Amino acid sequence: MQKKRPGMGPAKGRRLALFLAVSTLSGVVLAGIALPGVGMVGMAAKGAAGKFDSIPANLKRPPLSERTTILDADGDLIASVYSRDRTVVPLQDISPYMQQAIIAIEDARFYEHGAIDLKGILRALNKNARSGEVTEGASTLTQQYVKNVFVEEAGDDAAKFAQATQQTAGRKIRELKYAIQVEEELGKKKILENYLNITFFGQQAYGIEAASQRYFSTPAKKLKLEQAAMLAGVVQSPTYFDPTAFPERAEKRRNTVLGRMVASGDITRDRAEKAKRAPLGLKVKKPRNGCITAVKGAGFFCDYVRNVFLTDPVFGKSREERAKLWNRGGLTVRTTLDPAAQSSVQGSIKEYVHRTDQVATAVTLVEPGTGRILAMGQSRPYGFGRNESQINYSVDQKMGGSNFGFPVGSTFKPFVAAAALEEGRPATQTYSSPYSMSYPSPIKTCSPGTPWVNGAGADLRNELASEKGPYALKQAMAMSVNTYFVQMLADIGLCPVVKTTDKLGLKVGNGKKLLAEPSSLTLGSEGMSPLTMASAYAAFANRGTYCTPVAIGSVTTAAGRKLRVPKSTCERAMSERTADTVNSLLKDVVSDAGTGRTAGLSGRDNAGKTGTTDGRKNAWFVGYTPNLSGAVWVGSPTQQVKMFNITIGDRYKAKVFGGDVPGSVWRQAMTGALADKDAPDFNRLHIPDPPKPDPSEEEGDGNGEGGDREPGTGSTDGGTGEFED
């Protein structure tokens, strides 16, 4: 019995025999067809066989890159993103005309030969020899498919792309071996389907479905004869035959395809002549790729979703692995974005802050108890043009936001109050709260024996000279009295505030921890993002439980497989009683006596806090109901604009208050987002009113620089000398 060579099975033997036959016939004529300079004979059959035998046996066919669809919570389209605009479709969803046309023009004997067309090789060799140059190729549809697999695998890697397309005998030999394998494994119908889904048709369209939609705004299954013929003709040179740039070339090429279809017996000559007389009939859809195409102003949310995908380990161990999955595409990403809330946010922004204003605004809405981001928008649209931006002012730097976030001013004070309440201070806690004072020194820190010391002798003050205590917590919060909260911090120490803010996910926009210093941990001197602030305040609404923000609800692959997605982690940050007390305090802020009275909502329980910073470079309103939390920032992204004597949204402002522009944006955004939603109540605690001040007490001269007092409120949202409210 004859012994078999190791690893030399029958299938492998047949493939090698076939290859040797071709090599003997033509001296590996592919080198002569594609590379005349190599010589007509090229290499010996023995050497070719050695090369052939050394090629790995299996062709790896990675999943085709496709477009990824990003949807809102209702399943409606936000945007499509892709590295390759492709939608894979089965052969039954491709017009028979298209199948016939591509075979007629690219490989008329496709169903008659195997992986290699010997007649085609000899015909091309003869024609090229007579012309003295390469005028005809001999690659079968199967070989072209194999080449496209290597091109697809190369992706955007220039070196791999060059290797996949280089005109060498070695590449042709490799394609030959894999073409034989593919023919044996897949069969003709599957090869045709794969080819039509992988090949490039120009205008950023990969695969027949994307091409049909791009050029004719119709699905591939509905392509007419003349449309199919034009698309088949484009494949040879998508740039040269681009019908949008060179319609005459495209029409001539289409007619050539129709002639080949007649020769192949697919259509009659009369049918072809009728099709030739038809105009190209283009109905071009411009490529719409990326978050810049997002609807309802959701470009920044779309970009945030992309950054979540690229940074969260749930989608892959390394950024490279996650990027590969994202670029491969074919995903359906259903997000948490609520279309009604997003529309309300965009409408509110448009009403109060214009894209051409000196300052900008950013708004984020979060659902308490779930961490779901329901809306995210800003006044400067997502883009590259004038008065546009690609910086997402709502999020941290890591996720595409500003370098440091924006100083939050007195919106930080509720965190100090929460820490004090957790330390056992009563809701009626009173401090002397003078008009001005030096920062207390020393103040205990989280490091025993290493207190914070006011070595520079820094001091602070309230907005007006009339603001001098004693004050109780309820009044101090409503009026945003700076000295009160600095005294509270000195009383409990820095560490309880640090622990509270850590539990609430508070960090600087660059990802670093907040400085353990009085100005940072009372008066909000450090920068944070609207998403960070909305999520932290949502813990008050959720009776003390903080939930990390999430933007993705589900991810499904093109094959229908569900991927794991990041989940919100909810942990208790404070007792229910502390949260209920803070809610009662902040409800008074939006009452007639508070700094946020113009922001208050009608017909439902709501609470919030205003904030401005030194020079009125930033103004904030952060507020919530039991079922929705929102943060609004207004200011200059470069921190160069002081908001005095300024026009914002066509409204002149002598100076900007947290309860004014940000509060107005918040009120309208929340009102629309909550329309037709339940209106639950807070679990309020009664906090006794402080004793009324002596009316004979001197009012003061009212010479403070800034603050969040609005005309007629009788209250102010403090000044510090360095950072105002």
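Tutor: Let us begin with a term. Helices are DSSP runs of H or I with at least four residues, numbered from the N terminus. The model before us is predicted, and glutamate 184 lies in its helix α8, which spans residues 169-186.

Student: Is glutamate 184 buried, exposed or partly exposed?

Tutor: Buried means under 20% relative accessible area and exposed means over 50%, with partly exposed in between. Glutamate 184 has 42% relative accessibility and therefore counts as partly exposed.

Student: What separates the C-alpha atoms of glutamate 184 and glycine 114?

Tutor: Along the chain these two residues are 70 apart, while 9.0 Å separates their C-alpha atoms. For the protein as a whole, take the contacts with a separation of 6 or more: 71% of them are between residues 24 or more positions apart.

Student: How many helices and strands are there in the protein?

Tutor: The protein has 24 helices and 20 strands. Of its 725 residues, 56% are buried.

Student: Which residues of helix α9 are buried?

Tutor: Helix α9, residues 188-198, is mostly covered, with nine of its eleven residues buried. Those nine are Lys188 together with Ile191, Leu192, Glu193, Asn194, Tyr195, Leu196, Asn197 and Ile198.

Student: How is a nonpolar core to be read?

Tutor: The general idea is that nonpolar side chains tend to be buried together in soluble globular proteins. Here the largest nonpolar core comprises 98 residues, and Phe412 and Met533 have the most contacts inside it.

Student: Which residues does phenylalanine 412 touch?

Tutor: Leaving aside residues up to four places away in sequence, phenylalanine 412 touches Val497, Thr501, Leu506, Leu514, Ser520, Leu521, Thr522, Gly524 and Met528.

Student: At what angle do helix α4 and helix α12 pack?

Tutor: Helix α4 (residues 96-106) packs against helix α12 (residues 247-263) at about 90°, and their axes are 8 Å apart. Angles of 65 to 115 degrees count as roughly perpendicular, so α4 is roughly perpendicular to α12.

Student: Which residues meet in this contact of α4 with α12?

Tutor: From α4 come Tyr97, Gln100, Ala101, Ala104, Ile105 and Glu106, which meet Arg253, Thr256, Val257, Arg260 and Met261 of α12. Six residues of this contact are nonpolar, two are polar and three are charged.

Technical notes
Residues numbered from 1 in each chain as written. Predicted model: local features only at pLDDT ≥ 70, side-chain atom pairs only at ≥ 80, totals over all residues. Heavy atoms only, no water. Buried < 20%, exposed > 50% of the residue type's maximum accessible area, 1.4 Å probe, protein only. Helix = DSSP H or I, 4+ residues; strand = E, 2+ residues; numbered from the N terminus. Contact = heavy atoms within 4.5 Å. Core = buried A, V, L, I, M, F, W, Y, C linked by side-chain atoms within 4.5 Å. Axes fitted to C-alpha atoms, helices over the stretch in contact; angles between N-to-C directions. Parallel < 35°, antiparallel > 145°, perpendicular 65-115°, else oblique. Nonpolar A, V, L, I, M, F, W, Y, C, P; charged D, E, K, R; others polar.
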